[in-house]
Amino acid sequence: MYTGLLKAPEEGICHLFYYCCMKDGAFKDSELDIISDKMVSIDIHKKLNFRDEMQKYKSYKDQITDEEGYLKYLISLIKPTHTLALFSWCLELCT
């Protein structure tokens, strides 16, 4: 599943943001704008292709049966220095 697809912290952040946005079943343009802004602000946009990552996320999202395990996996992959900053970005996306 996703554990074989995601290897870098940048991918983990991107997929965490996608997960937050897709939780309600829809992906809005405003959410894409926020994700893009965040990725540029932390300089990830040079390392990832957002469209490719979105396709990768869509390829496995319906197979996520253990949400807590999935989120723990993403956090372990990201290894955030400032956990609260990461969570505040997720909260911003969810609201």
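Modeller: Contact here means heavy atoms within 4.5 Å, and with that in mind we can go through this predicted model.

Biologist: Which residues of H1 and H5 meet?

Modeller: On the H1 side they are Leu-16, Phe-17, Cys-20 and Cys-21, and these meet Leu-86, Trp-89, Cys-90, Leu-93 and Cys-94 in H5. By class, the residues of this contact divide into nine nonpolar, no polar and no charged.

Biologist: What makes Cys a nonpolar residue in that division?

Modeller: The classification places Cys together with Leu, Phe and Trp among the nonpolar residues, so Cys is counted there.

Biologist: How do the axes of H1 and H5 lie, and why is H1 called roughly parallel to H5?

Modeller: The two axes come within 8 Å and cross at roughly 30°. Angles under 35 degrees count as roughly parallel, and therefore H1 is described as roughly parallel to H5. The crossing of H1 and H5 is right-handed.

Biologist: How do H1 and H4 pack?

Modeller: Their axes are 7 Å apart and the angle is about 145°, while the crossing in which H1 passes H4 is left-handed. From H1 the contact involves Pro-9, Gly-12, Ile-13, His-15, Leu-16 and Tyr-19, and from H4 it involves Glu-67, Tyr-70, Leu-71, Leu-74, Ile-75, Leu-77 and Ile-78. The contact of H1 with H4 has 10 nonpolar, two polar and one charged residues.

Biologist: How many aromatic pairs does a search of the whole structure find?

Modeller: The search finds four aromatic pairs. One of them is formed by Tyr-18 and Tyr-57, at 6.1 Å centre to centre and with 50° between the planes.

Biologist: Why is Tyr-18 called buried, and what of Tyr-57?

Modeller: Buried means under 20% relative accessible area; Tyr-18 has 1% and therefore counts as buried, and Tyr-57, with 3%, is buried by that cut-off.

Biologist: Why is the pair of Tyr-19 and Tyr-70 called tilted?

Modeller: The ring centres are 5.5 Å apart and the planes stand at 55°, so the pair is tilted. Tyr-19 lies in helix H1 and Tyr-70 in helix H4 (residues 67-78), 51 residues apart, and the pair links distant parts of the chain. Tyr-19, at 10% relative accessible area, is buried, and Tyr-70, at 0%, counts as buried.

Biologist: Which residues form one aromatic cluster?

Modeller: The cluster is formed by Tyr-18, Tyr-19, Tyr-57, Tyr-60 and Tyr-70.

Biologist: Where does Lys-79 lie, and what makes this residue exposed?

Modeller: Lys-79 is found in the loop between H4 and helix H5 (83-94). Exposed means over 50% relative accessible area, and Lys-79 has 65%, so Lys-79 is exposed. Phi of Lys-79 is near 50°, a positive value in a residue other than glycine.

Biologist: Why is Ser-36 called partly exposed?

Modeller: Ser-36, in helix H2 (residues 29-41), has a relative accessible area of 24%, which falls between the 20% and 50% cut-offs, so Ser-36 is partly exposed.

Note on methods:
Residues are numbered from 1 along each chain as its sequence is written. This is a predicted model: local features need pLDDT of at least 70, side-chain atom pairs count only at pLDDT 80 or more; totals for chains, interfaces and linings use all residues. Side-chain values use heavy atoms; hydrogens and water are left out. Rings of Phe, Tyr and Trp (its six-membered ring) pair if their centres lie within 6.5 Å; planes under 30 degrees apart count as stacked, over 60 as edge-to-face and the rest as tilted. Buried means under 20% relative accessible area, exposed over 50%, partly exposed in between (1.4 Å probe, protein chains only). Helices (H or I, at least four residues) and strands (E, at least two) are DSSP runs, numbered from the N terminus. Axes are lines fitted to C-alpha atoms, for helices over the stretch in contact, and angles run from 0 to 180 degrees between N-to-C directions. Angles under 35 degrees count as roughly parallel, over 145 as roughly antiparallel, 65 to 115 as roughly perpendicular and the rest as oblique. A crossing is left-handed if the near helix is turned anticlockwise from the far one by less than a right angle, and right-handed if clockwise.
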